[in-house]
Amino acid sequence: VESLKEQVFGSQVFQEKVAQACKPAAEERRASCEEAARGALFCQLLQRSDSAAASAAMSTACGHDQGAPAAPAFLELGKQRHVARAAPEDELAKEMTHDLEM
């Protein structure tokens, strides 16, 4: 989850969204605003992503537990193994950054 956060937080688009959200904040409160905005925006992006990696990251990073997931179907097991080999946090970061650009 931390590497995913680093990738998303490092995105220029993400940084612009955080700055835009905290622009009206007073200078002395801007740092705390940016910290809160980063967390909230990251959780919103995770919520919009429809993947197992996003759900797992959301429960860890945002404190949301979507309930116990249903047992995967046989066909989904192969897909999950494939995603695990392809560094899912990298793909999720790309997807989330793409969502920000829209």
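**Entry 1: Ser49.** I started with a polar contact: a polar atom of the Ser49 side chain sits 3.1 Å from the backbone oxygen of Leu45. I am working with a predicted model, so I keep that in mind. Next I looked up where Ser49 belongs, and I found it in the loop between α3 (30-48) and α4 (52-61). Is Ser49 buried or exposed? Its relative accessible area is 7%, and because buried means under 20%, Ser49 counts as buried. I then listed its contacts, skipping neighbours within four places in sequence: Ala54, Leu92, Glu95, Met96 and Asp99.

**Entry 2: Met96 and the core.** I followed Met96 from that list. Leaving out residues up to four places away in sequence, Met96 touches Leu4, Val8, Phe42, Leu45, Leu46 and Ser49. The largest nonpolar core has 20 residues, and Met96 is one of those that touch the most other members, a group including Phe14 and Phe42. I noted that α1 (2-9), α2 (12-22), α3, α4 and α6 (88-101) each supply at least two residues of this core. Which helix gives the most? I found that α3 does, with six residues.

**Entry 3: the rings.** I looked up aromatic pairs and found two. Phe9 and Phe14 are stacked, because their ring centres are 5.1 Å apart and their planes lie at 15°. Phe9 and Phe42 are edge-to-face, with centres 5.8 Å apart and planes at 85°. This second pair links distant parts of the chain, since Phe9 is in helix α1 and Phe42 is in helix α3, 33 residues apart. Phe9 is partly exposed at 25% relative accessible area, whereas Phe14 is buried at 1% and Phe42 is buried at 1%. I wrote down Phe9, Phe14 and Phe42 as one aromatic cluster.

Definitions and conventions
Residues are numbered from 1 along each chain as its sequence is written. This is a predicted model: local features need pLDDT of at least 70, side-chain atom pairs count only at pLDDT 80 or more; totals for chains, interfaces and linings use all residues. Side-chain values use heavy atoms; hydrogens and water are left out. Helices (H or I, at least four residues) and strands (E, at least two) are DSSP runs, numbered from the N terminus. Buried means under 20% relative accessible area, exposed over 50%, partly exposed in between (1.4 Å probe, protein chains only). A polar contact is a pair of N or O atoms within 3.5 Å; within protein, one must be able to donate a hydrogen and the other to accept it, and residues adjacent in sequence count only if both atoms are side-chain atoms. Contact means heavy atoms within 4.5 Å. A nonpolar core is a set of buried Ala, Val, Leu, Ile, Met, Phe, Trp, Tyr and Cys residues joined through side-chain atoms within 4.5 Å. Rings of Phe, Tyr and Trp (its six-membered ring) pair if their centres lie within 6.5 Å; planes under 30 degrees apart count as stacked, over 60 as edge-to-face and the rest as tilted.
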